[in-house]
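Thanks for coming. Please have the sequence and the structure open while I talk.

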Amino acid sequence: MDLPNSLDMAWRDAAVLGFRYHQRLAERAMAQIGDEALHQALDAETNSIAVIVQHIAGNLRSRWTEFLTTDGEKPSRDRDDEFIDRGANRAVLLDAWNLAWNAVFTSLEELTPADAGRTVVIRGEAHSVPLAVQRSLAHSCYHVGQVVLLARHWAGPNWETLTIPRGGSSAHNQAAWNTDDYAKRTSK
């Protein structure tokens, strides 16, 4: 891949930022609910936060362990088991969660510019390294959104927003861009 040196790893660095942001988003959401709420599903056909965490952890651990050299779907992974809530406590869930995220960041940090041109396999399907990274990021973001929505629901009126609060966009923009600069940017 013939990219200028400054762009050689920009795709990877952007992915690291995206993964870290979404990891923290889910953690901040989960911190706002009690242990019992981790295991509450909206109905019999939906997953609890605990199940989603188990699934994200299993998926990331499988995809990112030996990322460049083995199929991203490891024979040792029992995906179906990830969707059974075994009642694991918060510490156990977060240990699995943290191990999985460590695998992601360790593998990403080990990537070199030459790796961008390599091919990896996920469930027997070939992917470029950047595509496999983006596939994993998109999958993680999808499920982190579910965690945040459920935590928001179970926290109820005690919820503290994780981003700009409803009705707070103008105040946020003015604080971020000062009033004069904000007016210039929005008048274009």
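Start with Asn59. Leaving out residues up to four places away in sequence, Asn59 touches Arg77, Glu82 and His139. One thing to say at once is that this is a predicted model.

Where does Asn59 sit? Asn59 is found in helix H3. Is Asn59 buried or exposed? Its relative accessibility is 5%, and buried means under 20%, so Asn59 counts as buried. There is also a distance to note here: the C-alpha atoms of Asn59 and Lys74 are 9.5 Å apart, and these two residues are separated by 15 residues along the chain.

Now the chain as a whole. There are eight helices and two strands in the protein chain. Reading from the N terminus, the order of the elements is α-α-α-α-α-β-β-α-α-α. The C-alpha trace spans about 55 × 50 × 25 Å along its principal axes. Of the 188 residues in the chain, 40% are buried. Take the contacts with a separation of 6 or more: 75% of them are between residues 24 or more positions apart.

Next, the aromatic residues. How many aromatic pairs does the structure hold? It holds five. In one of them, the ring centres of Phe19 and Trp64 are 5.9 Å apart and the planes stand at 90°, so this pair is edge-to-face. Phe19 is in helix H1, residues 10-30, and Trp64 is in helix H3, residues 49-64, so the pair links distant parts of the chain, 45 residues apart. Both Phe19 and Trp64 are buried.

Phe19 has another partner. Phe19 and Trp101 also form an edge-to-face pair, with 6.0 Å from centre to centre and 70° between the planes. Trp101 lies in helix H5, residues 90-110, while Phe19 lies in H1, so this pair ties together parts that are 82 residues apart in sequence. As for burial, Phe19 has a relative accessible area of 0%, and Trp101 counts as buried at 1%.

These residues belong to a wider group. Ring pairs link Phe19, Trp64, Phe67, Trp97, Trp101 and Phe105 into a cluster. Phe105 also has a charge over its ring: the charged end of Arg20 sits there, 3.8 Å from the ring centre.

Ser140 is in helix H6, residues 129-155, and it is buried, with a relative accessible area of 1%. Which residues is Ser140 in contact with, leaving aside its neighbours within four places in sequence? They are Phe19, Leu60 and Trp101.

The largest pocket has a volume of about 290 Å³. It is lined by 18 residues, and the closest to its centre are Gln54, Ala57, Gly58, Arg61 and Glu82. Which helix gives the most to the lining? That is H3, with five residues. H3, H4 and H5 each supply at least two. By type, the lining divides into six nonpolar, five polar and seven charged residues.

Last, two points about the backbone. Most residues other than glycine have a negative phi. Glu66 is not a glycine, yet its phi is positive, at about 50°. Glu66 is placed in the loop between H3 and helix H4, which covers 79-82. Its relative accessible area is 48%, and it is partly exposed.

Arg123 is the other case I want to show. Arg123 has a positive phi of about 55°, and it is not a glycine either. Where is Arg123 placed? It is in the loop between strand E1, 119-122, and strand E2, 125-128. At 48% relative accessibility, Arg123 counts as partly exposed.

To go back over the main stops: Asn59 in helix H3, the ring cluster that includes Phe19 and Trp101, the largest pocket with H3 giving the most to its lining, and the positive phi values at Glu66 and Arg123. That is all I have; I will take questions now.

How values were computed: Residues are numbered from 1 along each chain as its sequence is written. This is a predicted model: local features need pLDDT of at least 70, side-chain atom pairs count only at pLDDT 80 or more; totals for chains, interfaces and linings use all residues. Side-chain values use heavy atoms; hydrogens and water are left out. Rings of Phe, Tyr and Trp (its six-membered ring) pair if their centres lie within 6.5 Å; planes under 30 degrees apart count as stacked, over 60 as edge-to-face and the rest as tilted. Helices (H or I, at least four residues) and strands (E, at least two) are DSSP runs, numbered from the N terminus. Buried means under 20% relative accessible area, exposed over 50%, partly exposed in between (1.4 Å probe, protein chains only). A charge sits over a ring if NZ of Lys or CZ of Arg is within 6 Å of the ring centre and within 35 degrees of the ring normal. On a 1 Å grid over the protein atoms alone, a cavity is a set of points where a 1.4 Å probe fits but cannot get out, and a pocket is an open set with protein on both sides within 12 Å along at least five of seven lines; lining residues have an atom within 4 Å of a point. Grid points are joined across faces, edges and corners, and a volume is the space filled by probe spheres set on the points. Ala, Val, Leu, Ile, Met, Phe, Trp, Tyr, Cys and Pro count as nonpolar, Asp, Glu, Lys and Arg as charged, and the others, Gly among them, as polar. Contact means heavy atoms within 4.5 Å.
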